[in-house]
Amino acid sequence: QAQLVESGGGSVQAGGSLRLSCVVSGAASNTLSMAWFRQSLGKEREGVTACTGFSHVTPTTYADSVKGRFTISKDNAKNTLTLEMNSLKPEDTAMYYCAAVAGWLGPDSRLKGIAYMYWGQGTQVTVSS
């Protein structure tokens, strides 16, 4: 039974950077496929980026909207998933959620919320013009 706790959200100006963290307890992060999702008011939940797998092969996946700006990483020694967000845009404003599930996810599932069993409480990111 994994528990996820996000932190690092806040308010920044467009073009700025922010780093979100997700600490895992109750499970080893190296046994989990993990991802970041976000949801803006009035919009559908969106898969942002994923780090998939529990072996030495851990492919990453990015939504087109964040490619080149966001970077996902996982520190298994600290059981922590990190999202580095650069060149932030007002469109990035959303509640950001960390998600996880045991094992491997295929490419078609990695940015789909239904694939994930464990979810954090969310952390708000607000980007002003």
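A: A disulfide is a pair of cysteine sulfur atoms within 2.5 Å. The model is predicted, and the checks below apply to its coordinates.

Q: What makes Cys 22 and Cys 98 a disulfide?
A: Their sulfur atoms are 2.1 Å apart. The distance lies within 2.5 Å, so the pair qualifies. The structure holds one disulfide. The cysteines come from distant parts of the chain: Cys 22 is in strand β3 and Cys 98 in strand β9, 76 residues apart.

Q: Why is this disulfide called left-handed?
A: The torsion about the S-S bond of Cys 22 and Cys 98 is about -80°, and the disulfide is therefore left-handed.

Q: Are Cys 22 and Cys 98 buried or exposed, and what value decides?
A: Cys 22 has a relative accessible area of 0%, so it is buried. Cys 98 is also at 0% and counts as buried.

Q: What makes Arg 19 and Glu 84 a salt bridge?
A: The closest N and O atoms of the two residues are 3.1 Å apart. A salt bridge needs a side-chain nitrogen of Lys or Arg within 4 Å of a carboxyl oxygen of Asp or Glu, so the pair meets the definition. Arg 19 is in strand β3 and Glu 84 in strand β8, so the bridge ties together parts 65 residues apart in sequence. The structure holds five salt bridges.

Q: Why do Arg 19 and Glu 84 fall into separate accessibility classes?
A: Arg 19 has a relative accessible area of 52% and is exposed, because exposed means over 50%. Glu 84 is at 26% and counts as partly exposed.

Q: How do you know that Asp 92 takes part in a salt bridge with Arg 38?
A: The closest N and O atoms of Arg 38 and Asp 92 are 2.9 Å apart, and the limit is 4 Å. Arg 38 is in strand β4, whereas Asp 92 is in the loop between β8 and β9, 54 residues apart. Both partners are buried: Arg 38 has a relative accessible area of 6%, and Asp 92 has 1%.

Q: What links Asp 92 to Arg 69?
A: Their side chains meet in a salt bridge, 2.7 Å from N to O. Asp 92 lies in the loop between β8 and β9 and Arg 69 in the loop between β6 and β7, so the pair ties together parts 23 residues apart in sequence. Through shared partners, salt bridges join Arg 38, Glu 46, Arg 69 and Asp 92 into one network.

Q: Why is Arg 69 called buried?
A: Its relative accessible area is 10%. Buried means under 20%, so Arg 69 qualifies. Leaving out residues up to four places away in sequence, Arg 69 touches Glu 84, Met 85, Asn 86, Ser 87, Leu 88, Lys 89 and Asp 92.

Q: Why does Tyr 118 count as buried, and what is it in contact with?
A: Tyr 118 is at 13% relative accessibility, so it counts as buried. It is found in strand β10. Beyond its neighbours within four places in sequence, its contacts include Gln 1, Leu 4, Cys 98 and Val 101. The C-alpha atoms of Tyr 118 and Gln 3 are 6.8 Å apart, although 115 residues separate them along the chain.

Q: Which residues have the most contacts inside the largest nonpolar core?
A: The core has 27 residues, and those with the most contacts inside it are Leu 4, Leu 20, Met 34, Trp 36, Phe 70, Met 85 and Tyr 96. Strands β3, β4, β5, β7, β8, β9 and β11 each give two or more residues to this core. Another core, of seven residues, lies apart from it, with Ala 35, Phe 37, Ala 50 and Tyr 116 among its members.

Q: How does the radius of gyration of the chain agree with that of a compact globule?
A: For 129 residues a compact globule would have a radius near 14 Å, and the chain has 14 Å, so the two agree. The chain has zero helices and 11 strands, and 43% of its residues are buried.

Key:
Residues numbered from 1 in each chain as written. Predicted model: local features only at pLDDT ≥ 70, side-chain atom pairs only at ≥ 80, totals over all residues. Heavy atoms only, no water. Helix = DSSP H or I, 4+ residues; strand = E, 2+ residues; numbered from the N terminus. Buried < 20%, exposed > 50% of the residue type's maximum accessible area, 1.4 Å probe, protein only. Core = buried A, V, L, I, M, F, W, Y, C linked by side-chain atoms within 4.5 Å. Contact = heavy atoms within 4.5 Å. Rg over C-alpha atoms; globule rule 2.2 N^0.38 Å.
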